[in-house]
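Please read it alongside the sequence and the structure.

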Amino acid sequence: MRKIRFFLGLWSSKFLLFIYKLRGKEKSDRPGLLAYKFCDDFINQINKPKIMIGVTGTNGKSTVTSLVSNFLKNQGLKVQYNDWFANVLAGHARCLLDAVTIFNRPRVDAAILEIDEKTVPETMPYADLDYLIVTNLSCDSIKRNAYISFIASKLKQGFDSSKKTTIIMNADDPLCSFIKYENRTVYYSIEKTKDGYIKHNVNDFPICPNCYNKIDYIYQHYRHIGKVKCNNCGFQSLDGDYVASNIDYDNNTFTVKNNGNEVQYSMISKSLFNVFNELSVISLFSDMGYTSEQIKQGIEKIKIPKERENFIEVNGKKIDLQVAKGQNGSSASTIFEHISNIQENIEIVLLLNDKGCVRDKSETVTWIYETDFFFLNKPNIKRIIVGDYLADDYKSAMLLNGIDEEKIYIAKDDDDTVNYVTFDGIDRIMVLFDVENITGSLRVRDKIVEKLEGEKDEN
């Protein structure tokens, strides 16, 4: 009976997916939801391709999933993954629907699953993963993810349920380092850089998880990411198997050391957090047996997803879209720190509202006051325009971080932000948006371009 229910689910959901594709709406989890209506362990019963890779973590998992998928495609493999960040069970079922025939036979070489960190124990027992990349852990929405220790426990449950899976782990995240599990693990790390560390408002790892004494940082890259040591009990960060160093932002290169060998790679993005993302991919494919030359050539052909980092230039003005995950002070602060290193005259449009929370007015505001807005308190940042129903909270947080009130402009909604955009003396306009607001950010970007081209015509 269970087998019958599985095939009813497979055929029905494949038919629904066929209809969605005819309508150009194939980027939907609904066929996956339908599959689960028929069979409650659908991804357990569906046959998997030869290579199964998962990616999880608080920040960076969508970027890494895209990089892994594009690398494998460039190697000539047939790859299936959801490129619209569907990262729970229905999305995984939707991904695997395209990976098999109607007879449940694999038709691709690899499937890449982006996995929400909270749902790892629901996916890992059945997804038959060969590898799981863990990017990092940090405070996220309290409403959605509760506390870091809770998410860490979820990861441990997932690891324990699939001990055949090799974990690719960020050794510079002490929140990951203290999780105890038995899986084979490959660690990646970045040596201390020349970048100066600036103290953040919130530290996600202030005390030792063993003896509860104050933890000491040997060095920090950003937030709690770096190397720690407890001088009381000896707890410390783990060493990396793949260690990046010599990060050169001028020449877009860095070096990776492994077993005494050093290889120089091209950077996919001039930001330290994306060096971590790229390093996780290098570690994965090195462990899978790809040569350093194959990885170097493959890295040069892949890019950050446009939804994560989208840059255009119009009439001499740079317009830069970057995701800054809303309800997540760590993600937004990391982007703000990246912006603080840009020397051009900048205008910022903040679209960090989570659309789901806008609908039901359920968003908590605590994360806004934990976010490091002080990174935006720089003379070259000329304007900060906020389009959000929580705009007054953003403004209050910015004022508390010393930002001049005359630089802050409050718009009534996303589209209204364009009315406050100016181009005089501005080199770069940065539109920062939440992952749930991709469509809105693109619309605002296009309106800015239209306004810029209109002003040129008038002149």
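**Overall architecture**

Among the contacts in the chain with a separation of 6 or more, 71% are between residues 24 or more positions apart. The model under discussion is predicted. Its secondary structure consists of 16 helices and 17 strands.

- The radius of gyration of the chain is 23 Å, in agreement with the value near 23 Å that a compact globule of 459 residues would have.
- Taken along the principal axes, the box filled by the C-alpha atoms of the chain is roughly 65 × 60 × 45 Å.
- Buried residues make up 56% of the 459 residues of the chain.
- The chain has an accessible surface of about 20,000 Å², and carbon and sulfur atoms contribute 47% of that surface.

**Packing of helices H6 and H8**

- Two packed helices are described by the angle between their axes and the distance between the axes.
- Helix H6 covers residues 120-127 and helix H8 covers residues 148-161; the two pack at an angle of about 10°, and their axes are 8 Å apart.
- Angles under 35 degrees count as roughly parallel, and H6 and H8 are therefore roughly parallel to each other.
- On the H6 side, the contact is made by Val120, Pro121, Met124 and Pro125. On the H8 side, the contact is made by Lys154, Leu155, Gln157, Gly158, Phe159 and Ser161.
- Sorted by class, the contact of H6 with H8 comprises six nonpolar residues, three polar residues and one charged residue.

**A buried strand residue: Ile167**

- Ile167 belongs to strand S5, which spans residues 166-170.
- Ile167 has a relative accessible area of 0% and is therefore buried, as the cut-off for that class is under 20%.
- Apart from neighbours within four places in sequence, the contacts of Ile167 are Leu132, Val134, Phe159, Tyr181, Asn183, Arg184, Thr185 and Val186.
- One of these contacts, Phe159, is also among the H8 residues that make the contact with H6.
- For Thr185, which is 18 residues from Ile167 along the chain, the separation of the two C-alpha atoms is 4.6 Å.

**Loop residues with positive phi**

- Asn252 is located in the loop that connects strand S9 (242-248) and strand S10 (253-258). Its phi is near 60°, a positive value in a residue other than glycine.
- The relative accessibility of Asn252 is 28%, so this residue counts as partly exposed.
- Asn315 is located in the loop between strand S12 (309-314) and strand S13 (317-323). Phi of Asn315 is near 50°, again positive in a residue other than glycine.
- With 37% relative accessibility, Asn315 counts as partly exposed.

**Residues towards the end of the numbering**

- Lys412 occupies the loop between strand S16 (408-411) and strand S17 (428-433).
- The relative accessible area of Lys412 is 69%, and this residue is therefore exposed, given that the class requires over 50%.
- Lys412 and Lys21 are 391 residues apart along the chain, with 36 Å between their C-alpha atoms.
- Arg443 is part of helix H16, which runs over residues 438-458.
- Arg443 counts as partly exposed, with a relative accessibility of 35%.
- Between the C-alpha atoms of Arg443 and Met1, which are 442 residues apart along the chain, the separation is 49 Å.

Definitions and conventions:
Residues are numbered from 1 along each chain as its sequence is written. This is a predicted model: local features need pLDDT of at least 70, side-chain atom pairs count only at pLDDT 80 or more; totals for chains, interfaces and linings use all residues. Side-chain values use heavy atoms; hydrogens and water are left out. Axes are lines fitted to C-alpha atoms, for helices over the stretch in contact, and angles run from 0 to 180 degrees between N-to-C directions. Helices (H or I, at least four residues) and strands (E, at least two) are DSSP runs, numbered from the N terminus. Angles under 35 degrees count as roughly parallel, over 145 as roughly antiparallel, 65 to 115 as roughly perpendicular and the rest as oblique. Contact means heavy atoms within 4.5 Å. Ala, Val, Leu, Ile, Met, Phe, Trp, Tyr, Cys and Pro count as nonpolar, Asp, Glu, Lys and Arg as charged, and the others, Gly among them, as polar. The radius of gyration is taken over C-alpha atoms; the globule rule is 2.2 Å times the number of residues to the power 0.38. Buried means under 20% relative accessible area, exposed over 50%, partly exposed in between (1.4 Å probe, protein chains only). Accessible areas come from the Shrake-Rupley method with a 1.4 Å probe; for residues, only the protein chains shown count as cover.
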